[in-house]
Amino acid sequence: MDLFFFVVFAVFAVGCGISVVVQTHPISSALSLVGVMGSLAVLYLLLGAEFIAMAQVIVYAGAVMVLFIFVIMLLNSGGETHPGRSMTVKLLGVPALSGLFIVIAYIFATNFRDSARVHFGSFTEGTARSIGRAIFGTYLLPFEFTSILILVAILGAVVLARKELD
């Protein structure tokens, strides 16, 4: 049953990911991205990482996507217009993409043949305790550097926004 749900939500995530790129209107693209985030959360649940799945839904599908949609509406951007494509792109696009997929499949088939299989539910590092110990133990210094970097980016955005108002 786990394999069935994995295949369903993996196909849904890939389909929504393609829809993100193909959509011409930014709101439709952002809503497709919500579909990707939701299906990734289900995949995390299948692996047994409940905390990571809930963080995915709350942080990414919730807060970040609300911010994206707010910015899109604030910019009032309309649909994208497509200029005519050249004949070379029309003729070589699909064969080049097929060749790329064949090369990637060959690389995976030759290099990752002996890798261990994933057993659903056997992942035990996705709990709040293990993530908290990793963030505030092993990765405390990179975590603090990231928070300082985000603070500097926020201050820079405030300074740039203030100069535009003057």
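Modeller: Begin with S86, which sits in the loop between α3 and α4 (87–111). Keep in mind that this is a predicted model.

Colleague: What makes S86 partly exposed?

Modeller: Its relative accessible area is 39%. Buried means under 20%, and exposed means over 50%. The value of 39% falls in between, so S86 is partly exposed.

Colleague: How far is S86 from Y60?

Modeller: In sequence, S86 and Y60 are 26 residues apart. In space, 37 Å lie between their C-alpha atoms.

Colleague: Now helix α3, residues 50–75. Why is Q56 called buried?

Modeller: Q56 lies in helix α3. Its relative accessible area is 7%. The cut-off for buried is under 20%, therefore Q56 counts as buried.

Colleague: Which residues does Q56 touch, leaving aside neighbours within four places in sequence?

Modeller: Q56 is in contact with M37, L40, A41, Y44 and A61.

Colleague: Which contacts does F51 make beyond four places in sequence?

Modeller: G126, T127, A128 and I131 are in contact with F51. F51 and I131 are 80 residues apart along the chain, with C-alpha atoms separated by 8.5 Å.

Colleague: Move on to S130. Why is S130 called buried?

Modeller: S130 is in helix α5, residues 128–138. Its relative accessible area is 16%. That is under 20%, so S130 is buried. With neighbours within four places in sequence left aside, S130 is in contact with T124 and E125.

Colleague: Next, helix α1, residues 2–22. How do you know that its length fits a helix?

Modeller: Check the span. The 21 residues of α1, at 1.5 Å a residue, should span 30 Å. The end C-alpha atoms are 30 Å apart, so the two values agree.

Colleague: Which residues of α1 are buried?

Modeller: They are A13, C16 and S19. These residues cover an arc of only 125 degrees around the axis, so they are on the same side of α1.

Colleague: What is on the face turned away from that buried side?

Modeller: That face carries the exposed residues L3, F4, V11, V14, I18, V21 and V22. As for the buried residues of α1, what covers them includes α2 (26–47).

Colleague: Why is F12 called partly exposed?

Modeller: F12 is in helix α1. Its relative accessibility is 43%. Exposed needs over 50% and buried needs under 20%, so F12 is partly exposed. Beyond four places in sequence, F12 is in contact with G35 and S39. F12 and T146 are 134 residues apart in sequence and 32 Å apart in space, C-alpha to C-alpha.

Colleague: Last topic: the pocket. How do you know where empty space is left?

Modeller: A probe the size of a water molecule is rolled over the atoms, and this shows where empty space is left. The largest pocket holds about 220 Å³.

Colleague: Which residues line the largest pocket?

Modeller: The lining consists of V59, Y60, V64, I135 and F143. Helix α3 gives the most, with three residues.

Colleague: What makes the lining nonpolar?

Modeller: Go by class. The lining has five nonpolar residues, no polar ones and no charged ones.

Conventions. Residues numbered from 1 in each chain as written. Predicted model: local features only at pLDDT ≥ 70, side-chain atom pairs only at ≥ 80, totals over all residues. Heavy atoms only, no water. Helix = DSSP H or I, 4+ residues; strand = E, 2+ residues; numbered from the N terminus. Buried < 20%, exposed > 50% of the residue type's maximum accessible area, 1.4 Å probe, protein only. Contact = heavy atoms within 4.5 Å. 1 Å grid on protein atoms, 1.4 Å probe; cavity = no way out; pocket = protein on both sides within 12 Å on 5 of 7 lines; lining within 4 Å. Points joined across faces, edges and corners; volume = space filled by probe spheres on them. Nonpolar A, V, L, I, M, F, W, Y, C, P; charged D, E, K, R; others polar. Expected span 1.5 Å × (residues − 1). Arc of directions from axis to C-beta.
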